[in-house]
Amino acid sequence: MFGTYPKELAPGARNAVDVCLAIRPGERVALIADEASRAVAASLEDALAAAGAESDVVLIERVASRPLTEAPSPVLDALERADAGILCVQPQQGELGARMRIVATVERRRIRYAHMVGVTPEIMVQGMRADYRLVDRLSTTLCERMRTATSLRVETPHGTALRATFDPSLHWVKTSGLINTRYWSNLPAGEVFTTPASVDGRFVCNATAGDYFGPKYGDLSPTPLTLEIAGGRLVAAHSDRKDLEREFWEYCHTDASSDRVGELAFGTNLALTDMIGILLQDEKVPGVHLAFGDPYGSQTGADWKSTTHIDVLTRDCDVWIDETQVIAGGRYQLDALGLTAEH
């Protein structure tokens, strides 16, 4: 259905289908894509065919107008029939609610699901070629370490300086690329996250912001967004770009919990060293990032909700877990975690 694609996308597509989703012959897979992602979708469709799967293909523009105000029935119907699902689209302003409805269907049905929102051909030849078994080993080690940690400190040469504490009753979740029926995952993958008990300090977003802010404002390094956080809530936002400052502040006050830090995450994709200005991949670069709004309570166990969720990224992190440094200048200190590059 999706036609031809550059052949350099094929290895990343096979990694998604064969390794990450572990598709088996005869399985039914819902492949949901948009026109802007046609080339990537074509590579995934080809990989699914090679795996012996039956693809149930939905092209968004054929069943609904953009931006989506709700999840289209043909999309939800395809997921209701599927053993696994892939969403391969570019985000548009106002569509978060529709995507949350799609994810809710996936979680209710407990199917394996790859969330590829913002994927590009560039990402398919970078982050999607990672050794996800190695990413999984690092992610598993971090999950185990953080379950007994009491605090985390993050600093950067760009002004970030914050400390986070944690609630041992809340889960650390890994989305390492090896997808199962309990936890769906973004692809490319490489992330370990929780809902922190509290975060205090300053976070300088000098990379990408989430939801539609990435496509709209791009890489924020020329005009960073400085965020002041106290008691786990956003208390101030500053940028030389006043339209960004104003819109971010308004977004984080959409509802009563939009200003809460709902997510603290490690990027764990060791194949990545530089950010490219696309959140889907950049949040997997080694480091720590935050998100304000919904805490993905179905996964972390947090007992509150929000209608919004926006990630903020920073570069060149130094990170300490209970005063043991585990990331220096954006590079994991694998020996501090009991790992080696060959482990």
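User: What makes the place of Glu323 a loop?

Analyst: Glu323 sits in the loop between S16 and S17. Helices (H or I, at least four residues) and strands (E, at least two) are DSSP runs, numbered from the N terminus. This is a predicted model, where local features need pLDDT of at least 70 and side-chain atom pairs count only at pLDDT 80 or more, while totals for chains, interfaces and linings use all residues. Residues are numbered from 1 along each chain as its sequence is written, and side-chain values use heavy atoms, with hydrogens and water left out.

User: Why is Glu323 called partly exposed?

Analyst: Its relative accessible area is 47%. Buried means under 20%, exposed means over 50%, and partly exposed is in between (1.4 Å probe, protein chains only), so 47% puts Glu323 in the middle class.

User: What about the phi of Glu323?

Analyst: Phi is near 75° there, a positive value in a residue other than glycine. Arg110 is in the loop between helix H5 (96–109) and strand S4 (112–117), and is partly exposed with a relative accessible area of 47%.

User: How do you know that Glu323 and Arg163 form a salt bridge?

Analyst: The rule asks for a side-chain nitrogen of Lys or Arg within 4 Å of a carboxyl oxygen of Asp or Glu. For Glu323 and Arg163 the N to O distance is 3.4 Å, so the pair passes. Glu323 lies in the loop between strand S16 (318–321) and strand S17 (324–328) and Arg163 in strand S6 (residues 161–165), so the pair ties together parts that are 160 residues apart in sequence. Arg163, at 35% relative accessibility, is partly exposed.

User: What makes Glu247 buried, and which residue does it pair with?

Analyst: Glu247 has 13% relative accessibility, so it falls under the buried cut-off. Its salt-bridge partner is Lys216, at 2.9 Å from N to O. Glu247 belongs to helix H9 (residues 242–251) and Lys216 to helix H8 (residues 213–217), so this pair links parts 31 residues apart in sequence. Lys216 is partly exposed, at 44%.

User: How many salt bridges does the rule give?

Analyst: The count comes to 24. Another of them joins Glu35 and Arg38, at 3.1 Å from N to O; Glu35 is partly exposed at 39%, and so is Arg38 at 23%.

User: Which peptide bonds are cis?

Analyst: Among them are Arg66 to Pro67, with omega about -5°, and Leu187 to Pro188, with omega about 0°. Pro67 is in the loop between helix H3 (60–63) and helix H4 (73–81), and Pro188 in the loop between strand S8 (185–186) and strand S9 (191–194).
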